[in-house]
Amino acid sequence: MDFENPHFWMPVPAPEGRRHAFRGRRWDGSPALESACGSTLPLATPSEMDWIQCPTCWYCWNVLLEQAPEPEDTCAGCPHDSGRRGPESIRAEIERSDTP
Ligand SMILES: [Zn+2]
């Protein structure tokens, strides 16, 4: 994905009815733009109701999440395997801390 920052969110009117992410700082008034999820969508000035009613497009959301800077791996060098803890090890830890 080559979706760059900055981006902005815009509700796309019916029949789309979802809020998508687009390139740029703000809508430049273009009648159609390509969203983060790769569809070219017609844009119109959204009403307040559009903002309230349109659910976020999760595909766009995920695209932008993947582009977010990686959080620092605080588990580097800790005894847990690659910082990932399965339910087993978490349960073991809870049981251990419960025991006086
Ligand atoms: Zn989208």
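Good morning, colleagues. Please keep in mind that the model is predicted.

I begin with the overall arrangement. The protein contains 3 helices and 4 strands, and their order along the sequence is β-β-β-β-α-α-α. Of its 100 residues, 13% are buried. Taking contacts between residues at least 6 apart in sequence, 44% join residues at least 24 apart.

I turn now to the hairpin. Strand E1 covers residues 7-12 and strand E2 covers residues 18-23. The two strands run antiparallel and are joined by 6 bridges. Within this pairing, Met 10 stands opposite His 20 of E2.

What lies between the two strands? The hairpin has 5 residues there, and Gly 17 adopts a positive phi near 65 degrees. Pro 15 is also in this loop. The peptide bond joining Ala 14 to Pro 15 is cis, with omega about 10 degrees.

My last topic is Ser 35. This residue sits in the loop between strand E3, residues 32-34, and strand E4, residues 40-42. Is Ser 35 buried or exposed? Ser 35 counts as buried because 25 other C-beta atoms lie within 10 Å, and the cut-off for a buried residue is 20 or more.

Which residues does Ser 35 contact, leaving aside its neighbours within four places in sequence? They are His 20, Ala 21, Phe 22, Leu 41 and Cys 60. Ser 35 and Cys 60 are 25 residues apart in sequence, yet their C-alpha atoms are 7.3 Å apart in space.

Thank you for your attention.

Notes: Residues numbered from 1 in each chain as written. Predicted model: local features only at pLDDT ≥ 70, side-chain atom pairs only at ≥ 80, totals over all residues. Pairing = 2+ DSSP bridges. Buried ≥ 20, exposed ≤ 12 C-beta atoms within 10 Å, placed from the backbone. Contact = placed C-beta atoms within 7 Å.
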